[in-house]
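Welcome! Have a look at the protein shown here, and then we will walk through it together.

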Amino acid sequence: MANAPALDIRSHFAGLLRSALLKVAPDAADLPVILERPKSAQHGDYACSAAMQLAKPMKRNPREIAQALVKALPQSPYLEKAEIAGAGFVNLYLKPAAKQQILRLVLQQRHAYGRVDVGGGRKVQVEFVSANPTGPLHVGHGRGAAYGASLASLLEAAGFAVTREYYVNDAGRQMDILALSTWLRYVEIAGARLEFPANAYQGDYVRDMARQIFEAHGKRYLHPVESMMRDAPPAQSDPEARLDYLIASAKRVLGPDYDYVHDFVLAEQLGDCRKDLQEFGVTFDSWFSEKSLFDSGLVVRAVEQLQASGHVYRKDGARWFRSTVFGDEKDRVVQRDNGQFTYFASDIAYHLNKFQRGFDLLVNVWGADHHGYIARVKGALQALRLDPAQLTIALVQFAVLYRDGKKVSMSTRAGEFVTLRELRSEVGNDAARFFYVLRKSDQHLDFDLDLAKSQSNDNPVYYIQYAHARVCSVLEQWGGDASTLVNADPGPLVGEQELEVLQKLLDYPETIESAARDLAPHQLAFYLKELAAAFHSYYNSTRVLVDDESIRLARLALANAVRQVLANGLAILGVSAPEKM
């Protein structure tokens with residue numbers, strides 16, 4: 001009971017109902033006993049619907065079964081009473097003394113309060129963001145960053161050994177497009193005139209990189225481009241083919257110098273990405289290079305292994321993976337007729353590498369537009385005789401910004417986008433981190449910039465932080481040593497609002513467990529809003545610094561416990577807990 005009371009009380013009550021169930025319906029011993037938290041405290045602290053589930057097989061009225069279950073409940077030092085409600089719910093009420101015990105535990109464990117051991121030390125890798133390093137991170141990447149970082153911290157709080165990884169797409173076509181775009185801008189700066197491709201990268205950051213190259217090396221990388229531009233396929237009929245021709249031509253005329261341009265733009269954009277994410281409070285244990293998969297030969301070996309087992313076949317000069325066998329809508333090319341491996345081939349090798357590194361669980365945070373990619377990746381794992389159940393894909397829908405009630409649009413290639421850095425500058429890191437995880441990750445998120453900046457109760461992050469600051473202010477007014485409140489007698493805390501706040505504190509470890517199991521940081525965000533609301537309501541109607549010392553110390557201990565849990569939860573979400581506002 002002392003180590004994790006929130007979870008133990010639920011387990012304890014479930015055990016009571018299990019004992020009653022064995023007496024009332026011994027043939028239904030395998031029925032799961034599920035306890036839920038009622039929306040209203042008037043309906044108890046926990047509710048069970050087992051009686052309604054038993055009604056059909058037992059051919060009895062569910063309320064009669066509920067009455068029998070209540071009558072058969074064993075005695076318990078924590079159970080105040082059990083009541084029957086509605087069609088047959090069994091509502092269980094916790095004794096006030098049991099709720100009061102939580103205060104000492106919170107104030108003793110402090111930052112460790114709420115941590116559970118669902119993970120049991122299992123190794124889990126969370127791979128997230130993994131944006132192409134072809135330009136500044138935009139607000140869509142920001143949601144994946146906030147979700148992935150919060151999820152990783154949540155899994156750590158639930159007892160997993162977490163590795164945070166960013167997969168760097170440094171070997172693909174998009175990097176070639178960025179290198180070409182930068183070189184063409186460089187050629188322009190060096191004095192040549194050309195028709196810049198409309199489907200190349202257009203942003204000012206491309207010109208900035210080109211200018212850096214020119215300032216450092218002058219006209220060293222300048223080559224005639226007239227014939228190259230003239231001989232390329234026309235943009236009107238096939239703009240992508242024109243771009244591929246220009247990339248191949250740039251590689252030919254630059255020779256070894258192309259690697260310098262490619263590596264320079266990669267280093268610039270990756271460095272900017274790292275800095276942006278670090279400023280956002282998002283860090284990684286590993287930055288894994290896609291190129292390393294080719295350098296090590298793992299891409300070739302993975303495809304050869306699939307071919308040897310009959311999962312890859314040749315057609316029209318290309319090699320195809322039989323992904324339809326695993327539920328995909330069509331088979332997928334892993335090696336083109338020109339010998340180039342596809343992105344899918346390197347992705348197969350990347351996931352093989354993850355398994356080789358010995359992770360027990362893998363969580364990939366992908367944009368929702370990658371939904372169709374899941375079947376082929378899991379199919380490839382199965383074809384490689386790996387367990388696809390060890391891989392979970394968490395999809396993140398795009399975030400849509402609204403300013404002054406109007407939607408803000410963006411397009412990376414066109415250079416017309418709102419960057420994560422601009423968003424952070426406008427609303428601050430705290431609001432950005434919290435607003436990003438306010439909704440379930442696979443639901444669309446409308447990000448209201450005006451609300452995020454407002455200092456009002458309608459702004460959830462302000463509302464929660466203000467509750468934390470309020471407690472700090474009360475403790476400052478009191479002037480005593482907050483560490484001594486761990487010894488305060490919680491006995492005077494018997495008011496309805498006080499018991500409600502105590503129950504919310506009791507729910508925190510359970511929230512961590514549930515949110516971790518569901519890969520759902522938004523559950524923690526909702527919990528923090530509810531705890532803040534319960535405390536604000538209590539604070540607005542109750543004097544904390546009363547004359548009676550025992551009541552004063554009990555209320556201060558309650559407030560300090562609320563402060564601690566708010567700080568713990570906000571830390572998991574990457575949000576600060578200010579002492580003054």
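Residues are numbered from 1 along each chain as its sequence is written, and side-chain values use heavy atoms, with hydrogens and water left out.

The predictor's confidence in each residue is called pLDDT and runs from 0 to 100. The protein chain has an average pLDDT of 94, and 97% of the residues reach at least 70. Residues 1-7 stay under 50, and the model has 19 contacts for them beyond four places in sequence; a contact means heavy atoms within 4.5 Å. Where pLDDT is low, the predicted coordinates should not be read in detail.

## The whole chain

The C-alpha trace of the protein chain spans about 90 × 60 × 40 Å along its principal axes. You can find 21 helices and 15 strands in the protein chain. Both are DSSP runs numbered from the N terminus: helices are H or I with at least four residues, and strands are E with at least two.

Of the 581 residues, 53% count as buried. Buried means under 20% relative accessible area, exposed means over 50%, and partly exposed lies in between (1.4 Å probe, protein chains only). Among contacts between residues at least 6 apart in sequence, 72% join residues at least 24 apart.

## Two nonpolar cores

A nonpolar core is a set of buried Ala, Val, Leu, Ile, Met, Phe, Trp, Tyr and Cys residues joined through side-chain atoms within 4.5 Å. The largest one here has 164 residues, and those with the most contacts inside it are Phe 13, Trp 183, Leu 423, Tyr 436 and Phe 447. Helix α21 (residues 549-572) gives the most to this core, with 11 residues. A second, separate core has 33 residues, including Ala 302 and Phe 359.

## A sheet and a hairpin

Strands of a sheet pair through backbone hydrogen bonds, either parallel or antiparallel. Two strands count as paired if DSSP finds at least two bridges between them.

β13 (residues 399-403) and β14 pair in the antiparallel sense over 3 bridges, and Arg 403 stands opposite Lys 406 in β14.

Elsewhere, β8 (residues 312-315) and β9 (residues 318-321) pair in the antiparallel sense over 4 bridges. Val 312 stands opposite Phe 321 in β9. Their hairpin has 2 residues between the strands, and Asp 316 takes a positive phi near 55° there.

## A closer look at Arg 424

Is Arg 424 buried or exposed? Arg 424 is buried, because its relative accessible area is 10%. Arg 424 lies in helix α15 (residues 420-427), and its side chain makes a polar contact with the side chain of Asp 276 (2.7 Å). A polar contact is a pair of N or O atoms within 3.5 Å; within protein, one must be able to donate a hydrogen and the other to accept it, and residues adjacent in sequence count only if both atoms are side-chain atoms.

## Two positive phi values in loops

Most residues other than glycine have a negative phi. Ser 130 has a positive phi near 45° and is found in the loop between β5 (123-127) and α5 (139-157). Leu 519, in the loop between α19 (496-517) and α20 (521-541), has a positive phi of about 50°. Ser 130 counts as buried at 14% relative accessibility, and Leu 519 counts as buried at 17%.

Key: This is a predicted model: local features need pLDDT of at least 70, side-chain atom pairs count only at pLDDT 80 or more; totals for chains, interfaces and linings use all residues.
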